[in-house]
Structures are given as C-alpha cells and as structure tokens.
Amino acid sequence: MPMISVTPELKAVISLLEDTDPVVKESVDTYIKEHFAEIEYLLPDILDEWHFSRKESALLFDKMVAVNAELTMAELEKAVKEVPEDYIYEWFLLNKMILISADFTVMSASLISMANVLEQGITASDSPWKKAEVFNSAFFGKLGLVQLKSENIPLSALLPSEVTDTREGIPLVIDMLYVFLADMLGFPFRIYIQDGKFMPVWTSPDGYPLFFVDLDEEGRLLSPYDATGEREPGRVVTEDPSSLLAIYAAVLSDIFFASGENEKGRLMQMAHNVLTSA
C-alpha cells in the first residue's frame, strides 16, 4: 500500500476530539467514519507522531475503537443475511470488534496455509471415516495447536486472528478452528450440542449422521449411538456450523464481564443478539 501522510484536515479533526459541541462532535464522527480505513492505516504512525500530544493520541485511539465496533457490528448484521453465509468472515468480524488491528487477509492466509497441511494425504476416493482420521492426525499433530486452560488467559487466546498465528487458544477457539478448517476442505459436518459441549457430526447427503468427532479426545470417532445413546440416529438433532458463532459470542461476553471488561462484554452480547435473530 502506498505511503499515506497525515493531512491537514485530519490534523484539524484530531485537534477537535475534545470539543463537546454537538455539531462539532457529529462532524468529527462523520469524518472518521468516512475516512476510517485511511485513518486505521495511519493509526500506528499517528500514535507515534511527536506533534500529537499523548492526550490527543489517546482520544483518537478511543474514538477509533468505538467507531470500529460500530462499523463492524453493522457489517456483521449485513453478513448474517447473506446466502450462503461465510462463517469464517463472520467469526473474523466478531474478532475485529475486539481487536481493531485484526486483518482478514492475514487471517485468511493463515487458515489457507493450515488447510493445505490438513488436506495432505486425503484422496477423493477415501471413505468419510478415513478422511476424518487423516484430518485428525494432522490437526492434533502437525499444526501444533495448544489449548490454554489456565485462569490467566491472554486476549490473543480468545481471537482467531491471533490463534492462527500463535497456535495457542482457549479450547472453544481451537475446536471452532477444527470445524471451519474441515468446512474449507468440504467436509459435511453439522454440529451436535448437548450438556455444554459440542461435537462435529459427519452427515450423509440426506443429513443422516454417520459418525461423531469427540474433540475432547483428539478427534476420536464415535458411532451415533456411542456419542448420543440414541438408537435411531435419524432422530438426533444437529445444528448448522453457524450455531458456533453465537456460542462464541456468548462465551466471550461471559469472559469479558467476569474480568471487568464490561464494554467488550456488552459488545459481544449485542453481537450474540445479531447472530441469533438472523
């Protein structure tokens, strides 16, 4: 991307961030929304510029975080109405609401790289069971993903854009990576949810569950009866993979409220409402 400099107009807007006049505030908000991508690109340099006071830099960062949340929420509302839905993009948007610096291009590249590793050794003629076994061997081995379960979890462990880089995340994010990476390879997984946990379910073309994947046991494959106790697999209720997004938003909301980050908690509550009302 070509170098973009801080324009006199942007400098003037930054100087007005403290102004409490309603008309001025509206003008500043409008400018920042209309030039958000440009300002976002310049933000690291602006925060380091000597001719901006520390207070001005802090005010701009706070304003950008607020506008980012607003614009990203609107984008999520639009995305959930698309057919077919792009689950990975929606997951990224939830991520972006929390981390303004998240980059979808970078996250997508990381996921593609991971998917390339996972598909090695899988052939079109393999049975569904064989495909899942090869996938599991790579996912729980070659990718080097680590589940973090301690109380002092870093923010990066909650966000897929960061976990795809660090390979360390909370169990929910690791499990969602499993499902969405499998989806990228065309695996026909649906989701079985019970007692606070979920399992991917490989389904036939008519939606009949063939086997379940126990992610708590490094992808152990289970028959429908072993997984659910149901002797008539056709009666097992499964969900679309998009259901994981609402679970993710709810879990993050709980985590943020528990840690005293109430604004982030409310943001995830709002996102949860968007996802469940679509």
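Colleague: Which residue in the turn between S4 and S5 has a positive phi of about 90°?
Modeller: Strands are DSSP runs (E, at least two residues), while helices are runs of H or I with at least four, both numbered from the N terminus. S4 and S5 form a hairpin with five residues between them. The residue you want sits in that turn: glycine 207.

Colleague: What pLDDT do local features need?
Modeller: Residues are numbered from 1 along each chain as its sequence is written, and side-chain values use heavy atoms, leaving out hydrogens and water. This is a predicted model, where totals for chains, interfaces and linings use all residues, side-chain atom pairs count only at pLDDT 80 or more, and local features need pLDDT of at least 70.

Colleague: How many bridges join S3 and S4?
Modeller: Strands pair if DSSP finds at least two bridges between them. In one place, glutamine 194 stands opposite lysine 197 in S4. S3 (residues 189-194) and S4 pair in the antiparallel sense, and the number of bridges is six.

Colleague: Why is S4 largely enclosed, and how many of its residues are buried?
Modeller: Buried means under 20% relative accessible area, exposed over 50% and partly exposed in between (1.4 Å probe, protein chains only). S4 spans residues 197-203 and is largely enclosed by the rest of the structure because its buried residues number six of the seven.
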